[in-house]
Amino acid sequence: MKISNSFLLILLVLASCSTNPLTGRKSLSLVGDAEIIPQAFTQYREVLSKSKVDNTSENAKMIKRVGEKLKAAAEKYYRERGLGEELKNYQWEYNLIINEELNAWCMPGGKIAFYSGIIPVCKNEAGVAVVMGHEIVHALAKHSSERLSQQYAAQGLGNLLGVASAGKSWGGIFNQLYPMASGLTILKYGRNQELDADKAGLFLMAKAGYDPTEAPRFWQRMRIKSTGGQKPPQFLSTHPADEERIAQLNQYMPEALTYFRTATVKK
């Protein structure tokens with residue numbers, strides 16, 4: 001019996017769905033960390049080489065301090081579930097880039113860039129944790145892999161089963177998702193991915209000892225910043241409505257506060 005390419009494509013896509021331990025959402029995963037992380041590290045080094053990086057100011061020290069706390073909380077979460085190996089390829093790094101864009105991002109593998117322009121909107125260290133926790137979740141939830149996989153599926157998996165040996169061909173798709181322009185690296189995520197990052201980022205910052213009630217306040221400040229006819233900031237996704245985003249954060253606030261109280265008691 002002859003099996004159509006379309007049927008094989010469906011079978012391969014279904015077999016490649018996995019449930020992320022952080023978000024609990026099932027997603028398509030055709031590209032593993034071993035493939036995507038080296039490419040991400042190369043892109044990260046290229047961005048830093050073209051940017052003005054602040055390593056000495058108090059803000060730069062704060063970025064690294066927040067990053068270390070969030071990293072520790074994430075690693076503890078994975079270890080407690082016997083999933084420590086999931087992060088074995090991560091090489092955490094936190095850099096403050098002097099740039100007025102309202103932006104921040106975390107590459108697959110834990111490479112984080114925080115832009116100086118968003119720090120006034122963060123207002124305080126907890127606000128920085130809101131932003132960085134959100135971006136770290138994008139990496140931990142493998143949202144880049146999900147987007148790459150969606151691109152593969154849309155393109156017929158590179159002549160169907162050629163994905164298995166697509167170590168070079170997928171690089172072009174990666175570069176499309178992470179466009180390099182004027183030293184900026186931005187990946188726009190979908191609505192579900194953004195809400196994933198909001199929810200899990202809220203829990204992550206609370207587990208790291210940061211007051212989660214700062215999260216809806218931060219997004220309110222971002223909403224004000226992007227109104228009045230101004231162009232929406234790069235960091236603020238257009239997918240979830242502001243009201244929906246803030247409402248979800250408030251919905252999960254009681255659980256987040258439980259994590260926060262536990263974290264502060266242990267200090």
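# Reading the model by its cut-offs

Visitor: Where is Glu-214 placed?
Guide: Glu-214 lies in helix 10, residues 214-225. Helices are DSSP runs of H or I with at least four residues, strands are runs of E with at least two, and both are numbered from the N terminus. This is a predicted model: local features need pLDDT of at least 70, side-chain atom pairs count only at pLDDT 80 or more, and totals for chains, interfaces and linings use all residues. Residues are numbered from 1 along each chain as its sequence is written, and side-chain values use heavy atoms, leaving out hydrogens and water.

Visitor: Does Glu-214 count as buried or exposed, and why?
Guide: Its relative accessibility is 6%. Buried means under 20% relative accessible area, exposed over 50%, partly exposed in between, with a 1.4 Å probe and protein chains only. Therefore Glu-214 is buried.

Visitor: Which residues is Glu-214 in contact with?
Guide: Neighbours within four places in sequence are set aside. That leaves Cys-122, Asn-124, Ala-126, Gly-127, Val-130 and Arg-221. Contact means heavy atoms within 4.5 Å.

Visitor: What makes Lys-123 count as buried or exposed?
Guide: Its relative accessibility of 64%, so Lys-123 counts as exposed. Lys-123 sits in the loop between helix 4 (119-122) and helix 5 (125-140). Its phi is near 75°, a positive value in a residue other than glycine. Most residues other than glycine have a negative phi.

Visitor: What joins the side chains of Glu-243 and Arg-223?
Guide: A polar contact of 3.2 Å. The term needs a pair of N or O atoms within 3.5 Å; within protein, one must be able to donate a hydrogen and the other to accept it, and residues adjacent in sequence count only if both atoms are side-chain atoms.

Visitor: Why do strand 3 and strand 5 stand at the edges?
Guide: The open sheet has four strands in the order 3-4-6-5, with mixed pairing. Strand 3 (53-54) and strand 5 (104-107) each have a single partner strand, so one side of each lacks a neighbour in the sheet.

Visitor: What makes strand 5 and strand 6 a pair?
Guide: Two strands pair if DSSP finds at least two bridges between them. Strand 5 and strand 6 (residues 111-115) have four bridges, in the antiparallel sense. Trp-105 has Ala-113 in strand 6 as its bridge partner.

Visitor: Which strands does helix 2 touch?
Guide: Helix 2 packs on the sheet and touches strand 3, strand 4 (93-97), strand 5 and strand 6. Its direction makes about 30° with that of strand 4. Helix 3 (residues 58-80) also packs on the sheet, at about 150° to the direction of strand 4. Axes are lines fitted to C-alpha atoms, for helices over the stretch in contact; angles run from 0 to 180 degrees between N-to-C directions.

Visitor: Which residue in the turn of the hairpin has a positive phi?
Guide: Gly-109, at about 100°. The hairpin is formed by strand 5 and strand 6, with three residues between them.
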